[in-house]
Amino acid sequence: MHIMVLLDVFEKEAVIESARARNAAHCSSASRRASEVFSDDELDIIGALGEAAAAAYYHAEYDRAIRPEGDAGVDFRVGGVNCAVKFNHRLNGYL
């Protein structure tokens with residue numbers, strides 16, 4: 001089964017802006033995500049768009065907060081349950 005969630009252009013741009021602000025707020029020495037394929041900025045954008053799409057699917061609110069310390073693994077909440085969205089670009093499923 002495939003599920004598609006569409007974000008309108010304004011929501012997409014707002015999510016991208018939020019992702020870039022989050023990336024800028026983090027200490028660059030703390031990142032291990034960048035690779036030869038994707039920069040931290042690109043990975044933050046892909047991840048944020050995934051979070052926004054998952055939140056939209058569950059009719060939850062996408063969290064745009066900028067927290068230098070991160071979100072403690074909670075991307076949004078549904079019915080009192082914490083939800084985290086993950087994206088993997090590494091071989092063999094390393095997150």
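Arginine 64 is partly exposed, because its relative accessible area is 36%, where buried means under 20%, exposed over 50% and partly exposed in between (1.4 Å probe, protein chains only). The model is a predicted one, in which local features need pLDDT of at least 70 and side-chain atom pairs count only at pLDDT 80 or more, while totals for chains, interfaces and linings use all residues. Residues are numbered from 1 along each chain as its sequence is written, and side-chain values use heavy atoms, with hydrogens and water left out.

The protein contains two helices and two strands, arranged as α-α-β-β from the N terminus on; helices (H or I, at least four residues) and strands (E, at least two) are DSSP runs, numbered from the N terminus. Of the 95 residues, 23% are buried. The accessible surface amounts to about 6,800 Å², and carbon and sulfur atoms hold 56% of that area; such areas come from the Shrake-Rupley method with a 1.4 Å probe, and for residues only the protein chains shown count as cover. Among contacts with a separation of 6 or more, 57% join residues 24 or more positions apart, a contact being heavy atoms within 4.5 Å.

Four salt bridges are present in the structure, each being a side-chain nitrogen of Lys or Arg within 4 Å of a carboxyl oxygen of Asp or Glu. One of them pairs arginine 64 with glutamate 11, with 2.7 Å between the closest N and O atoms. Because arginine 64 sits in the loop between H2 and S1 and glutamate 11 in helix H1, this pair ties together parts that are 53 residues apart in sequence. Glutamate 11 is partly exposed, at a relative accessible area of 24%.

Two further salt bridges join the helices. Arginine 20 and aspartate 41 meet through their side chains at 3.2 Å, N to O. Arginine 20 belongs to helix H1 and aspartate 41 to helix H2, so parts 21 residues apart in sequence are tied together. Both partners are partly exposed, arginine 20 with a relative accessible area of 45% and aspartate 41 at 23%. Glutamate 51 and arginine 22 also form a salt bridge (3.2 Å, N to O). With glutamate 51 in helix H2 and arginine 22 in helix H1, the pair ties together parts that are 29 residues apart in sequence. Here glutamate 51 counts as buried because its relative accessibility is 10%, and arginine 22 is buried at 14%.

Where does aspartate 75 lie? Its place is the loop between helix H2 (40–57) and strand S1 (76–78). Aspartate 75 is buried but takes part in no salt bridge, and the nearest side chain of opposite charge, that of lysine 86, is 5.1 Å away. The aspartate 75 side chain does reach the backbone nitrogen of valine 85, at 2.6 Å. Leaving aside residues up to four places away in sequence, aspartate 75 touches Glu51, Asp63, Cys83, Ala84 and Val85.

Alanine 53 is another residue of helix H2, and counts as buried because its relative accessibility is 18%. Beyond residues up to four places away in sequence, alanine 53 touches Val5 and Leu7. Between alanine 53 and leucine 7 there are 7.0 Å in space, C-alpha to C-alpha, although the two are 46 residues apart in sequence.

Conventions:
Lys and Arg count as positive and Asp and Glu as negative; His and the chain ends are not counted. A polar contact is a pair of N or O atoms within 3.5 Å; within protein, one must be able to donate a hydrogen and the other to accept it, and residues adjacent in sequence count only if both atoms are side-chain atoms.
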